[in-house]
Amino acid sequence: MTKRPTDLEPGKEPRWRGVELSEGPAPRSRDDSRPRGRSRSPGGWVIAGLVIALLVLHQDSWFWEDGRLVWGIFPVGLFWHICLSIAATLTWALATKIAWPLDDPETPEEAR
Amino acid sequence: MHPGLPQLIIILLYLTLLLLLGALSSRMFRGTRLDYQVASHSIGPFLLLMSLFGTTMTAFALVGSSGEAYRQGIGVYGLLASSSGIVHSLCFFLVGVKVWKVARRNGYTTQIEFFRARLESDFVGLLLFPILVGLVIPYLLIGVIGGGAVIQGLTAGLAPQWFEVLGPDGQPDPAVSGGVPPALGSLLICVVVLIYVFVGGMRGTAWANTFQTLVFMILGVVTFYLIAMRLGGQPGFFDNLKVLGEAMPESHATRVEMSQSKFMTYLLIPLSVAMFPHVFQHWMTARNANTFKAPVIFQPLFIMIVWVPCVLVGAWTVGVWADPSLRPEGLELPSSPNAILPFLVATQTGPLLGGFLAAGILAAIMSSLDSQFLCLGTIFNNDIFVHYRGRDRVSDRLQVRTTRAFIIGIVAITYLCSLGNPRSVFFLGVWCFSGFTALFPIIVAALYWRGLTAAGAISGIFAAIISWCILFYHASQIPPEQGGLGSLLLRVPIGGVEHEVMPVVAMTLSSLVTMVVVSLVTPKPAPETLAKFFPERI
């Protein structure tokens with residue numbers, strides 16, 4: 001059985017938002033021009049805002065006593081939370097595009 | 001066909017399939033400790049998604065969700081499911097990816113290894129070890145006891161002479177009499193999980209979890225379709241949904257009887273996932289950081305796919321049995337809400353689906369049990385045996401053997417405890433989760449705050465566990481007829497109005513405040529240690 005290559009094997013150190021993880025002087029990466037710190041891109045703030053919005057919208061007091069049916073099937077309170085689940089999926093999908101915290105170099109398997 | 005026999009055959013076939021899967025995965029075993037405990041960090045996005053989802057969803061997702069919706073209405077979806085969808089992904093994103101990075105770079109497999117190194121404290125490991133084990137064991141018991149009860153209920157009538165169960169009136173109870181006894185069913189589950197975890201380690205666990213997650217997701221949707229088609233009495237699926245929706249009583253189509261402040265504070269409970277030791281170990285299996293993208297994205301969607309059908313079925317049942325034109329003749333609903341879904345399957349579908357549903361429920365149970373057994377074996381080996389004996393003195397082969405030996409011991413202890421049939425463990429679920437949530441500030445601070453000190457973390461852990469014990473004691477004083485352990489709520493007066501608040505708020509706040517205050521006045525870890533955990537700040 002051949003050993004699967006992983007990105008943390010020697011020579012395959014991942015970068016944390018563009019910063020090399022290995023100890024000692026790191027070679028300049030393609031992302032070294034970015035300012036270092038926790039909030040380098042607006043993506044993180046966008047996702048933080050969306051997640052806070054999801055958590056606020058989760059407390060839907062406006063539908064608390066509303067028993068109307070959406071399409072004659074779903075009580076509106078349930079429908080709202082189904083929409084929240086879908087919105088959460090879309091938010092996290094966006095997070096992987098604009099605010100993913102760790103850039104991996106591709107493993108040979110992924111590159112194929 | 002003989003009652004209960006088709007169900008038993010399907011259950012046995014399903015368990016055999018799991019054993020085959022375990023045997024297959026063992027052929028890929030490389031013989032090393034890392035391969036056994038974390039599958040050599042080789043798990044890709046699909047397997048990580050399915051195994052994490054399967055691990056976080058217990059039998060409660062199928063049986064408990066429909067039972068709670070039957071009791072409280074559609075509000076349970078927001079209370080337990082949509083909140084988990086948002087918060088679980090948040091934990092994977094904020095904690096999982098960063099923990100993976102730090103732990104992979106420094107070679108940690110368990111939470112305790114991580115905390116010992118981050119805080120430069122051996123004591124923090126000794127403190128966390130009994131807490132983590134103590135919080136996982138009731139969770140294990142719930143699965144083992146629940147599995148035995150499910151097998152008994154769905155094989156009822158199989159052998160009335162051998163396995164007779166009398167009801168309160170002294171007559172055989174048709175819901176369970178003749179079914180495989182819980183002690184035998186629980187033993188069967190323990191042995192099957194033990195075998196595939198023993199031979200396959202984490203790879204076998206991940207494969208089995210993936211298979212089982214697919215099983216319970218597909219069976220949940222199929223069950224929903226068949227029950228809707230029977231209960232509605234209409235020819236078309238959507239016509240049935242409309243009839244059943246209109247039959248739902250106002251109390252169950254709204255949340256008029258649910259406290260808004262309880263609903264809000266329940267949001268803290270899913271944070272527990274960030275401190276589950278078995279979830280930590282699954283994170284460590286990821287091939288690379290991008291592997292986390294699938295669980296982060298799809299966890300809310302998968303929760304929705306499993307929970308919405310179950311919640312609807314539970315809420316519909318109330319309306320159907322209240323409406324004489326819909327109510328199936330001669331059928332009385334079971335007294336226990338958790339028996340609603342098995343009852344509907346047994347009465348509204350055939351024995352074949354009953355067998356498949358039993359397999360689905362067992363899948364949900366076992367996909368959590370396997371990870372928990374493996375994780376406890378791993379932390380016993382890594383954090384106690386190897387840590388105190390010395391890594392240099394213990395070969396990889398010996399570590400695999402020790403992990404396996406511990407797993408056998410834990411399975412045996414869990415099974416023996418389950419024989420006492422302590423029904424009160426079912427109420428411990430929310431208390432286990434609350435305990436893990438109370439430790440959430442510690443993991444976040446360890447990852448994001450250089451100022452966290454060993455004294456701060458240890459004080460925070462003590463604050464969490466002391467507040468947990470105090471509140472648990474108060475809950476244990478509530479008689480079962482008044483709701484028992486699960487019914488304790490704190491009452492906070494704000495603006496002259498009392499708001500009901502979950503006990504987890506007090507535990508988490510006490511842990512957070514203590515941790516911060518003590519960390520601010522105690523010495524920080526050495527710069528070399530901080531450099532290992534915060535390389536981006538160098």
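The patch covers about 510 Å² of surface and is made by Phe46(B), Leu214(B), Ile218(B), Val222(B), Tyr225(B) and Leu226(B). Of these, Ile218(B) has its place in helix H8 of chain B. Patch residues have over 30% relative accessible area and no salt bridge, with nonpolar side chains (Val, Leu, Ile, Met, Phe, Trp, Tyr) joined within 5 Å; accessible areas follow the Shrake-Rupley method with a 1.4 Å probe.

The model is predicted, with pLDDT of at least 70 required for local features and 80 or more for side-chain atom pairs, whereas totals for chains, interfaces and linings use all residues. Side-chain values rest on heavy atoms, without hydrogens and water.

Contact (heavy atoms within 4.5 Å) between the chains involves 52 residues of chain A and 58 residues of chain B. About 5,100 Å² is buried between chain A and chain B, 68% of it from carbon and sulfur atoms; buried area is the accessible area (1.4 Å probe) lost by two parts on being put together, summed over both.

One salt bridge is counted between chain A and chain B. The side chains of Asp60(A) and Arg255(B) meet in a salt bridge at 2.6 Å, N to O, the criterion being a side-chain nitrogen of Lys or Arg within 4 Å of a carboxyl oxygen of Asp or Glu. On the side of chain A that touches chain B, two or more residues each come from helix H1 (42–58), strand E4 (74–75), helix H2 (76–98) and helix H3 (108–111) of chain A. H2(A) gives the most, with 12 residues.

How values were computed: Residues are numbered from 1 along each chain as its sequence is written. Chains are lettered from A and ligands numbered from 1 in the order in which they are written. Helices (H or I, at least four residues) and strands (E, at least two) are DSSP runs, numbered from the N terminus. Patches are made of residues with over 30% relative accessible area and no salt bridge: like charges are joined within 9 Å, nonpolar side chains (Val, Leu, Ile, Met, Phe, Trp, Tyr) within 5 Å.
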